[in-house]
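Please read them with the structure open.

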Amino acid sequence: MALLEVKDLRIEFTTQAGDVHAVEGVSFTLEEGQALGLAGESGCGKTTTALALMRLLPYNGRIVGGSIKFHGREIVKASETMMRKIRWKDISIVFQGAMNSLNPVQRVGKQIAEPILLHEDIEEEDAMKRVGDLLELVGIPRKRSSEYPHEFSGGMRQRVMIAMALACNPRLVIADEPVTALDVMIQAQILELLERLRKELNLSMILISHDLSVIADTCDKVVIMYGGKIAEAGATNEIFTDPKHPYTQGLVAAFPDIRGQRFMPEAIPGNVPSLISPPSGCVFHPRCKFAFDRCTVAEPALTDLSPSRQAACFLFPEVQEVSARPAPTPTAK
Amino acid sequence: MIVRVRNLKVWFSQRGGLLREMVSRGSKWVRAVDGVDIDVRRGEVFCLVGESGCGKTTTGKAILRLVDVTEGDIFLEMPEEEYARYDEAVRRGSEDPEAESAARELRRKFSLTWKERRPWTMNQYLLVAFMVTVAGLGCTAGLTALLSLAASPFADIGIVYAFSFALAIAIGVVGTLPPSRPSKRTSLILGIVSFFGWFLAPIPTFYFKGLSLSAADAIGNAWGSNFFFFILAGISVPVIAAGVAQGIAVYRLRSTEYAGLDIRGLRKRLQLIFQDPYESLNPKQSVYEIVAEPLRVNRLTKSPEETAATVANALTDTGLRPPEEFMFRFPHELSGGQRQRVSIAAGLVLQPDFIVADEPVSMLDVSIRTEILQLMMDLRKSRGLTYLFITHDLSLAWILADRIAVMYLGKIVEQGTAEQVVVHPKHPYTQALISVVPSPDPRHKASRLILKGERPDPVDIPRGCRFHPRCPVAFERCGWSPSEVLDALLDLAGDGPMATPLRAAQIDSPLSFRLPPNSGEVEAWIREQKASQAEAHLALKALRGITGPPAARRVVLFGLEPVPLVEIAPENLVACLRVQPETPPAAEIAAA
């Protein structure tokens, strides 16, 4: 059984300007010990999907359809008490921007110990011992647990965040832009650390990043999102060497490659669509250079092109139209 | 050459609290940029690359003189023959006073950063006159008090007053002496301090007179006996202290001023594109106002119609077409890419020819990054712009730059054409930096050379080669200090028997440390560690030998060498002792 099974997930936000369809029918599975990359431009629904996995959506967001199964347990319909048990104990998250996610007036050791004390029946002394072990695991000297966040550099803070995510031995760690805003060298250190931890602790991981090269370096599987939908999904090697969907092709081509030829990468013209009134048909068609008449009226369904590859694009004859979606039925807040 | 930077230094003083500044010995400086030489040719894209905190942005800002330059010169469009003269004058400078004065003249004429001691301004004269008046009044009042009260039972007041007057001046002087760096706040604080000093002044006075009064009684006595003098002193003492402090502050802060090439007319030609268009545009200004502001400030257009036309032109040039549609929008109504275009338009509206682009695309999504870069390159072609492109992303530098300079801790460690730096990096830091640049092609996930630790604090820069503590190929002459070697040994000793004598070791010179007496065992152990562990702990390579009489054995280290930036091939400069002009590069170039 897969560790995590997300099926046809749909999330909406209520705003003054109207309902934002942030995530529309996202499905993927994650096996034990696997690393999955969620990639896409800002505003494509990556972080929203991740927050939904822990049911941490902000007050104006709600899951309107689909299912999330973790170890066979349904998360979309789980009670709040149940969720409190799952959060951090089973699924934990490394938030975006380590600078802002730590409490500036509390010692880091205490912050890491907090989830341990909440989830386990354990003496504070033992919890602090475990905090020391965790800090050493992520490469921070044990004695620094009594320091405040401002005494740490950006990279060190990110390590603290990782230690915190590992505090209760979770099965799945979601890393939301874990290396954005860090220097390349520190970025390499953190990615190496995540990979080492994943092997040592047999963790499953979901890595969210707008930077495809970060995902190419660390993940087994990639899901490319655009406008709240999955454009393409598959094994990392295949996706980057042979992208099928025009959006993926554009993204891969947009990256300058220091080991490749010296030329200006290609741009994807246009802007990310508004998710309040998304374009008709395929969300990508206004920016797609291969768009034809069918793209403007019908929405392509995510279809298997090969056992390890799915894409949603009419350029491939086997891709069918999306069948009508059921009307939104609010299931959880 | 459009811009030549010579030995540029930008040091920021590290501010502490008032008390700490008064007590601490010697200023602490954040050496953000510490001796950088750059030549930017007309029409090229020169990339400054480095980690955050390496001084690349500060260098860029210093060239536009947006930060105060501590030392060094920035020559703008210096004619070649004049530069040749300057170069020669500097080379002969130290012996030949004539050459030195010639160099000074040239710097004065062409350098943006030439500073001179200026004559005093009217304000400063007024301030001094005020100080003299206040001091005179204070002295008169003090003397009157002393004389008139000397025989009376209130004689104490005179002494108290004289005492507090001296105290006020002392506080004013001491509070502003180096190492403290006076600011506007300092004199206010010193005034307040001396005001309270005045309240406490009676206590030591009574003590010296041998009267055994409690502090409260002493203060009460002194005040109560003559209210008029209490008020007079209570007001004049802090004023005097603040005045003295302010005078010293003004003298110390205003003593030098930029006196070289005048930047005012040049700002039009030197422009900056900021990193984050979400932060750098004023949310309360419309696009029109943002782009028109430089025109207004520089009074470049004569009529509103002309301004409108120029703004429309700039917007069209930066791809915001039709301009009428964008002019009256506010920044929040634009996408990230459009905002950056506005930012570029505001820079270009003055028709500059040199642009410092500080990470112009790092906040933008990948898919729109290229459009902005393409725009910048198109403008370079159509307007003959020169870019100093600052980025942390080597892969961007690779596709854009004609030449690249890699910075580390305020210094350039390697410089060359894009090919030289990216394809054949010589400096170990550049090699490591290039190896960790992630690639969108997973097949390239090959040999990453991840450096340990983080960059050192620029307040406390390692001696010798700045990179040696993190360098994977450092050797004995790279600048290891005794404390680094001791740390490495302690690390190896762990909790074993060697830890105690090593902890007792004393650093007795910059190149040696003294072992505790009778440490034959430790010596043997150190020798053994050097033989077996030097590859894992590079600091051990610096161990040269153990000398001295048995009672005082000293461990001596290899000396360090300066690490100059050496031209190892045409255009290619490297600052590393391992890279010599003759041997390895030639072989590599031949291989390539």
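1. Buried area. In this predicted model, chain B and chain A bury about 4,100 Å² between them. Carbon and sulfur atoms give 59% of that area. On the chain B side, the residues that lose the most area to chain A are Val366(B), Pro440(B) and Glu454(B). Together they make up 16% of what that side buries.

2. Who takes part. Chain B brings 46 residues to the contact, and chain A brings 42 residues. The chain B side divides into 23 nonpolar, twelve polar and eleven charged residues.

3. Pairs across the contact. How many salt bridges are there between chain B and chain A? The count is zero. Polar contacts do occur: eleven residue pairs, with both partners at pLDDT 80 or more.

4. Helices at the contact. Four helices of chain B each supply at least two residues to the side that touches chain A: α16 (366-383), α17 (394-400), α18 (418-423) and α19 (428-435). Which element gives the largest share of that side? It is α16(B), with eight residues.

5. Confidence. The model scores ipTM 0.85 and pTM 0.81. Chain B averages a pLDDT of 80, and 77% of its residues score at least 70. Confidence in chain B is highest in strand β10 (residues 403-408), at 94. It is lowest in helix α23 (residues 583-591), at a mean of 48.

6. A stretch to treat with care. Residues 585-592 of chain B have a pLDDT below 50. Beyond near neighbours in sequence, this stretch has eight contacts in the model. Where pLDDT is low, predicted coordinates should not be read in detail.

7. Aromatic pairs. Over all chains, the structure holds ten aromatic pairs. Take Tyr226(A) and Tyr247(A): their ring centres are 4.5 Å apart. Their planes stand at 55 degrees, so the pair counts as tilted. The two residues are 21 residues apart, and the pair links distant parts of the chain. Tyr226(A) sits in strand β9 (residues 221-226) of chain A, and Tyr247(A) in helix α10 (residues 246-254) of chain A.

8. Backbone exceptions. Most peptide bonds are trans, and most residues other than glycine have a negative phi. Two places in chain B deserve a look. Arg321(B) and Pro322(B) are joined by a cis peptide bond, with omega about -10 degrees. Pro322(B) lies in the loop between α13 (304-317) and α14 (323-327) of chain B. Asn7(B) has a positive phi, near 50 degrees, and is not a glycine. Asn7(B) belongs to strand β1 (residues 3-13) of chain B.

Technical notes:
Residues numbered from 1 in each chain as written. Chains lettered and ligands numbered in written order. Predicted model: local features only at pLDDT ≥ 70, side-chain atom pairs only at ≥ 80, totals over all residues. Heavy atoms only, no water. Contact = heavy atoms within 4.5 Å. Buried area = accessible area lost by both parts, 1.4 Å probe. Salt bridge = Lys/Arg side-chain N within 4 Å of Asp/Glu carboxyl O. Polar contact = N/O pair within 3.5 Å; in protein donor to acceptor, adjacent residues only side chain to side chain. Nonpolar A, V, L, I, M, F, W, Y, C, P; charged D, E, K, R; others polar. pLDDT = per-residue confidence, 0-100. Phe/Tyr/Trp six-rings, centres within 6.5 Å; stacked < 30°, edge-to-face > 60°.
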